[in-house]
Amino acid sequence: MGFCFYFCLRWWRTWTTPFVERRRRLVEELVSLGFVRSSKVVRALLRVPRHLFVPPHLVDVAYDDRPLPIGHGQTISAPSVVARMTELLNPDVGHRVLEVGTGSGYQAAVIAEIVAPSDAPRESWGHVWSVERVPELAEQARRNLDAAGYGDRVTVVVGDGSRGLPEAAPFDRIIVTAAAPRVPEPLLEQLAPGGRLVAPVGSRYSQVLVVVDKLDDGRIVQRSDIEVLFVPLVGEYGFPGEEVGEEDYYPRSI
Ligand code: SAM
């Protein structure tokens, strides 16, 4: 009886709270927990409607801080991880950014809102290129990005993102949103001098976020941040191409 009451109350509260208010509460929580500090990242998280990037049956939990399945054994990362990675990436207005692992398109939209702010003149806009290996996910991500109003600031490309995207290089920022055994060499080559790359690096079952800076003279400096757990980067510079089932990774991976 008490159990039923709790869930009815939770359901009622969720459905009577507008998305914008749920988003505001989530972002406040991420700030209070220290995942994010910079005002540009906070602003982007407040603007991008995460509920447009999750499957329709999960809209109800779009503003919980947890990863959610998006099909094909893949996930949209938890908001705290998106916040932390964006904070570490430190993108700026006008930047050219490469994302490896489009998934739902949500992380790409958050970065797009920073490099090409909705309220800034178009001449100042940067751009996000995002590579996804699963064609169906890439197509869904394009639809999500269009629905959320970021279709003109994010280009989704189908392919093996572990090789980067030489035709659009060099990039000011590169973000990898799947677990890599090491930082893929082509991505370091495609990073502009003064640029930064953020990626989860480690084994299939445990990684740390690494932040790699390419100095103006080409030297590489690397440091580590928090521990994370992502689905694997599969491809030439990722893990060998064994397919992974959703049941293997959800809900532990982000
Ligand atoms: N950034 C995404 C978002 O905001 O929803 C979440 C990414 S999900 C954790 C990881 C994604 O990386 C999956 O969609 C997966 O198909 C993709 N992926 C794995 N290996 C890849 C590769 N070599 N090239 C491109 N995408 C890859």
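The legends below describe close-up views of a predicted model. Residues are numbered from 1 along each chain as its sequence is written. In this predicted model, local features need pLDDT of at least 70 and side-chain atom pairs count only at pLDDT 80 or more, while totals for chains, interfaces and linings use all residues.

**View 1. The whole chain.**
The secondary structure comes to eight helices and nine strands. Helices (H or I, at least four residues) and strands (E, at least two) are DSSP runs, numbered from the N terminus. Of the 254 residues in the chain, 45% are buried. A residue counts as buried if 20 or more other C-beta atoms lie within 10 Å of its own, as exposed if 12 or fewer do, and as partly exposed in between, with C-beta atoms placed from the backbone. Among the contacts with a separation of 6 or more, 62% are between residues 24 or more positions apart. Two residues are in contact if their C-beta atoms, placed from the backbone, lie within 7 Å.

**View 2. The open sheet.**
Seven strands form an open sheet in the order β5-β4-β3-β6-β7-β8-β9, and the pairing is mixed. The edge strands β5 and β9 each pair on one side only. On average, neighbouring strands of this sheet are turned by 15 degrees against each other, direction ignored. Two strands are said to pair if DSSP finds at least two bridges between them. Strands of a sheet pair through backbone hydrogen bonds, either parallel or antiparallel. Four bridges join β6 and β7 (residues 191-202) in the parallel sense, and I174 stands opposite L197 in β7.

**View 3. Helix α4 on the sheet.**
Helix α4 packs on the sheet and touches β6, β7, β8 and β9. The direction of α4 makes about 150 degrees with that of β7. Axes here are lines fitted to C-alpha atoms, for helices over the stretch in contact, and angles run from 0 to 180 degrees between N-to-C directions. Nine of the 11 residues of α4 (residues 79-89) are buried, so the helix is largely enclosed by the rest of the structure. The buried residues of α4 are P79, S80, V81, V82, A83, R84, M85, T86 and L89.

**View 4. N90, after helix α4.**
N90 follows α4 and lies in the loop between α4 and β3 (96-100). Its phi is near 50 degrees, a positive value in a residue other than glycine. Most residues other than glycine have a negative phi, and most peptide bonds are trans. N90 is partly exposed, with 15 other C-beta atoms within 10 Å.

**View 5. The hairpin of β1 and β2.**
Strands β1 and β2 pair in the antiparallel sense over three bridges, with G71 opposite Q74 in β2. Two residues lie between the strands of this hairpin, and H72 in the turn has a positive phi of about 55 degrees. H72 is partly exposed, with 18 other C-beta atoms within 10 Å.

**View 6. The hairpin of β8 and β9.**
Strands β8 (residues 207-214) and β9 (residues 220-228) run antiparallel and are joined by seven bridges. V212 stands opposite Q222 in β9. The hairpin has five residues between the strands, and G218 takes a positive phi near 95 degrees.

**View 7. A cis peptide bond.**
The peptide bond from A169 to P170 is cis, with omega near 5 degrees. P170 is found in the loop between β5 (154-158) and β6 (171-176).

**View 8. The largest nonpolar core.**
A nonpolar core is a set of buried Ala, Val, Leu, Ile, Met, Phe, Trp, Tyr and Cys residues joined through C-beta atoms within 7 Å. The largest such core has 67 residues, of which A109 and A112 touch the most other members. Helix α5 gives the largest share of this core, eight residues. Neighbours within four places in sequence aside, A109 is in contact with V48, L145, A148, Y150 and V154.

**View 9. The shell around the ligand.**
The ligand is surrounded by 26 residues, and the closest are G101, G103, Q107, G161 and G235. A residue is near a molecule if its C-beta atom, placed from the backbone, lies within 6 Å of it. At least two residues of the shell come from each of β2 (74-76), α5 (106-115) and β4 (127-132). Strand β2 gives the most, with three residues. The shell divides into 11 nonpolar, 12 polar and three charged residues. In this division, Ala, Val, Leu, Ile, Met, Phe, Trp, Tyr, Cys and Pro count as nonpolar, Asp, Glu, Lys and Arg as charged, and the others, Gly among them, as polar.
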